[in-house]
Amino acid sequence: MERKYLLGIDIGGTKCAAILGAADSAGTIEILGKNRFATAEAGSPRACLEMLARSGRELCVRSGVSPDSVCGCGVSCGGPLDSRRGIILSPPNLPGWDAIPAVEILEHELGIPVRLQNDANACAVAEWRFGAGRGVRNMIFLTFGTGLGAGLILDGRLYCGIGDSAGECGHIRLAPVGPVGFGKSGSFEGFCSGGGIAQLAAIRAREQLQLGKKVAWCASIDALTGLNAKIVGDAAEAGDPLALAVYEECGRYLGRGLALLIDLLNPERIVIGSIFARSERLLRPAMERSIAEEALSAAAAQCRVVPAALGEAIGDYAALALALGEF
């Protein structure tokens, strides 16, 4: 079976990685090797990109793959960026990466086509090609991690919008007031993200503590700042009523946000990663009730909401999926 060798590059605020993979004609992909290093270790953005290119070439040598047989390179990076011109535009987690011509630099270093996308779009392509979205033509991918980002596959193509801002549904306001996400109180991201769950939990725990009641997972007012989605999720999994109520509230707003997307885009599938994939049992009942209340019934009936399938390796698959260039 014919195999295409691919390089993937994942650029993050803390870590960067180069990944070597092989895709076959049956639509499966194998990760052959990976090199990681701290982003700050490289120094300047150009030096970081050059180090990533060297890491990619080293992976080829280590795996016995001729660099000349590598078909392309995909780069996944947090936005904002200009995917058409291949430029990274000052992402908040990458200080100093201001108007960096990443594609130009990497194509010069590697001598192969390079494609750049923001990380949510890249993950959408990966789940569509290799994960929970295989076989559909209209799919939405939601990150549901530290924040809430989205990638849109519409009519069998990745849709980015005129300025790479398509899918920024985390900015939608779902309530007049509420947890803050995307710089907006009551936003979709405010209710449905790791940071949002922590804020919801702090609000509900503070209420109980001020009433003189005990909270098993938050001993005092001083402990509120240390709350995170994992602490609350573990407590909910153990059956704690207040933690369960926090996840139910998150699930309710998740359903409201999804209902908007279902009505607007009429997707076949919505794939949700990270926290939803780990805590589906806690979130799904309230989510489904909200979808039933808010979405057009015919559109909701045509759409399945499923957890992402690629797990913790989604960043690797995302960069490699971009390298195929078939999106």
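**Close-up views of a predicted model**

**View 1. Glu249 and its neighbours.** Setting aside residues up to four places away in sequence, Glu249 touches Phe191, Leu200 and Arg204 (contact means heavy atoms within 4.5 Å). This is a predicted model, in which local features need pLDDT of at least 70 and side-chain atom pairs count only at pLDDT 80 or more, while totals for chains, interfaces and linings use all residues. Residues are numbered from 1 along each chain as its sequence is written, and side-chain values use heavy atoms, with hydrogens and water left out. Glu249 sits in helix α7 (helices are DSSP runs of H or I, at least four residues, and strands are E runs of at least two, numbered from the N terminus). Is this glutamate buried or exposed? Glu249 counts as buried because its relative accessibility is 10% (buried is under 20%, exposed over 50%, partly exposed in between, with a 1.4 Å probe and protein chains only). The side chains of Glu249 and Arg204 are joined by a polar contact of 3.0 Å (N or O atoms within 3.5 Å, one able to donate a hydrogen and the other to accept it; residues adjacent in sequence count only if both atoms are side-chain atoms).

**View 2. The ring pair of Phe191 and Tyr253.** The count of aromatic pairs comes to one (ring centres of Phe, Tyr or the six-membered ring of Trp within 6.5 Å; planes under 30 degrees apart are stacked, over 60 edge-to-face, the rest tilted). The ring centres of Phe191 and Tyr253 are 3.6 Å apart and the planes lie at 10°, so this pair is stacked. Phe191 belongs to helix α4 and Tyr253 to helix α7, so to speak a link between distant parts of the chain, 62 residues apart. Both Phe191 and Tyr253 are buried.

**View 3. Leu242 in helix α7.** Look for Arg204, Ala205, Gln208, Val215 and Trp217 around this residue: Leu242 touches each of them, not counting residues up to four places away in sequence.

**View 4. The largest nonpolar core, with its 51 residues.** Within this core, Leu142, Phe144, Trp217 and Leu258 touch the most other members (a core is a set of buried Ala, Val, Leu, Ile, Met, Phe, Trp, Tyr and Cys residues joined through side-chain atoms within 4.5 Å). Among the elements that give two or more residues are β8 (139-142), β9 (150-154), α5 (194-210), β13 (269-272) and α8 (274-294). Which element gives the largest share? Helix α7 does, with 11 residues. Leu258 touches Leu142, Phe188, Ile270, Ile272, Met287, Ile291 and Val305, again not counting residues up to four places away in sequence.

**View 5. An open sheet of five strands.** Follow the order β10-β9-β8-β13-β14, in which the pairing is mixed (strands pair if DSSP finds at least two bridges between them). At the edges are β10 (157-159) and β14 (304-307), each pairing on one side only. β13 and β14 run parallel and are joined by four bridges. Val271 has Val306, in β14, as its bridge partner.

**View 6. Helix α10, residues 314-324.** Here 11 of the 11 residues are buried, so α10 is largely enclosed by the rest of the structure. The buried residues include Asp316, Tyr317, Leu320 and Leu324. Gly325 follows α10, and its phi is positive, near 75°.
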